[in-house]
Amino acid sequence: MQLSELGYSNNFRDMFHDYEDGDHFPGRVSGQERRQYRLMCEQGEMPAVAAGRLYHKADDPEGLPAVGDWTVCRKSDAGDLAVIEKVLPRASSIQRKSAGQETIRQVLAANVDVVFLVSGLDNDFNLRRIERFLTLSWESGARPVIVLNKIDLHEDISSFIDSVESIAYGLPLLKVSALNGVGVDGLHEFLADGLTGVFLGSSGVGKSSLINHLLGENRQLVHEVREDDQRGRHTTTSRNLLMLPGGGLVIDTPGLREIQLWNSPEGLKRSFDDIEQLALGCRFNDCAHEDEPGCAVREAIETGELDRSRLQSYRKLQKEQAYLERKQDSRASRQASREFHRKVRTFHKQMKDLRKRGLA
């Protein structure tokens, strides 16, 4: 297995240079189940665990290995698995706020070049959800590609295409059917040797079925969607990095029911570039696009140039982002306070020990 086939670029090779001592080797995380990992490396694929100090140093799960990461590894003393000692800096990272109340970042996939945003042309189709996925993708540093699956359900899909193009100017838009394979070959154009793509979408949109087409075999488990509401079950329960027979790699992911953004100011700007450009024509720099005079955004809505629901979606995501930033600041403040009190306790303990020994 050649490292270049796994996406090992000169940039990663330079970062690994300090560890070329004969005991360490580069490996890419291809799977994860709790604290157990799988690695792809020159020796093939092998099981792995993270070194204890990685857990000690990590402030949140973002600091731990994720699928797609390049890592510095060594063989365990028994030689039956690899030990991950360091995660090399990521070239790109698909991140979201983890599900639940806690303000923690979750890395969905690392070092990807292309993000395939899959939507089904059934009850799953939702423009507002596509906007969220686009924001997530743009913030990652990878290139988004929109994939409309299940075109076999409709004789005419022009209305779907028009609505997507109204929010995704100039982005690649693939029309495919995982059921009969129509249009799937277009995915190969974005997955040359060494490039990595990740499939994102809600459960039941056909991500695993599309990947099976690319693999040329039914390796990823799939289930039919429910007939009553066209919703899918979570057939993919973990993220996996897979090599394609024609070159390139893909990461399959579980369906995402909850898409909460994580620190995505640039992603928001790029996803809503039409509103950002219109806002440049507003009379006031801090225009909120509500009742201010000379608002170019509201004027565009009145003339039909901009859909009102798109502005509402933009505002909603801005509010979510502001709320998340406040929670992040609060969490950082609590962490700083805990660290300060820990240092104070350590200092007093050291002084007490010195006094007992008559040295202070």
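Visitor: Which residue does Glu 131 form a salt bridge with?
Guide: Glu 131 pairs with Arg 310, and their closest N and O atoms are 2.7 Å apart. A salt bridge here is a side-chain nitrogen of Lys or Arg within 4 Å of a carboxyl oxygen of Asp or Glu. This is a predicted model, where local features need pLDDT of at least 70, side-chain atom pairs count only at pLDDT 80 or more, and totals for chains, interfaces and linings use all residues. Residues are numbered from 1 along each chain as its sequence is written, and side-chain values use heavy atoms, with hydrogens and water left out.

Visitor: Where do Glu 131 and Arg 310 lie?
Guide: Glu 131 is in helix H3 and Arg 310 in helix H9 (residues 308-356), so the pair ties together parts 179 residues apart in sequence. Helices (H or I, at least four residues) and strands (E, at least two) are DSSP runs, numbered from the N terminus.

Visitor: Buried or exposed, those two?
Guide: Both Glu 131 and Arg 310 are buried. Buried means under 20% relative accessible area, exposed over 50%, partly exposed in between (1.4 Å probe, protein chains only).

Visitor: Which residues are linked in a network of salt bridges?
Guide: Arg 128, Glu 131, Asp 274 and Arg 310.

Visitor: New topic: how many residues has the largest nonpolar core?
Guide: That core has 72 residues, and Ile 94, Val 164 and Leu 200 have the most contacts inside it. Its largest share, six residues, comes from helix H3 (residues 127-140). Such a core is a set of buried Ala, Val, Leu, Ile, Met, Phe, Trp, Tyr and Cys residues joined through side-chain atoms within 4.5 Å.
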